[in-house]
Amino acid sequence: MASISSKHVFTQWPRDRVLVAPSLLAARYDHLAEEVAAVEKAGAEVLHLDIMDGHFVPNISFGADLVKAIRPASGMLFDVHLMITDPLKYAPRFRDAGADHITFHVEVEQDADKVIDSIHALGCTAGISLRPATPLEMVLPYLEKVEMVLVMTVEPGFGGQSFHGEQLPKIQKLHAAIQATGKPIRLEVDGGIAKASAELVRQSGADVLVAGSSVFHAKDGDYKAAIDVLR
């Protein structure tokens, strides 16, 4: 396994610190470098990068070249979420582009153990994600191998969706399962995260909050206030 820089892992922050990960999907595409720098200055620790292939999800977002282009603009941890059917093929490209952490979906038709091992061999931390309809039991066999679990509260593929509260019990149960491992595994939640929903998922055990519109479309462009409210 390649070494992972201590500067770019989730364990660099105390376990009781809730991290905010603005989703680049909601940023202004004509000013991406400035947007990235602005959310970092506002206090975001992590930048969430949603990679969509038009096959695993019904939308296409952006690829490794864009990640590589904005990497020099930020010291944030780059959290790449692969919503694609072939994470084994594309994970190396995103590592080369500057990814620090790579999450893939448990629903893809690939050996999850092999994908996790491959991501670790690249020198990145690994995460596993599940769609709203996927039972949490699907990810439990891999908990002790990953550094993060990502719960989608909305069907992946499009930003700007409303939070689905029926996912809270899943978040709570996953939090309990993570606690039982005794390992510093982060629990990330994505989908409709704003002031009210952020409080609910924090109370349920989430400690990394992905937020798109609520940060990048903040009132008066006050990213710091938006991030502080979520945390």
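**Charged pairs and their burial**

Modeller: R186 counts as buried, at 1% relative accessibility (buried means under 20% relative accessible area, exposed over 50%, and partly exposed in between, with a 1.4 Å probe and protein chains only). The model is predicted, so local features need pLDDT of at least 70 and side-chain atom pairs count only at pLDDT 80 or more, whereas totals for chains, interfaces and linings use all residues. Residues are numbered from 1 along each chain as its sequence is written, and side-chain values use heavy atoms, leaving out hydrogens and water.

D207 is likewise buried, at 8% relative accessibility. The side chains of R186 and D207 form a salt bridge at 3.8 Å, N to O (a side-chain nitrogen of Lys or Arg within 4 Å of a carboxyl oxygen of Asp or Glu). Because R186 lies in strand 7 (residues 186-190) and D207 in the loop between helix 6 (195-203) and strand 8 (208-211), this pair ties together parts that are 21 residues apart in sequence; helices (H or I, at least four residues) and strands (E, at least two) are DSSP runs, numbered from the N terminus. A network of salt bridges links R15, R186 and D207.

The structure holds 12 salt bridges. Among them, E35 and R28 meet at 3.7 Å, N to O; E35 is buried at 2% relative accessible area, while R28 is partly exposed at 44%. Another joins D96 and R95 at 2.7 Å, N to O. Here D96 is exposed, at 55%, and R95 is partly exposed, at 30%.
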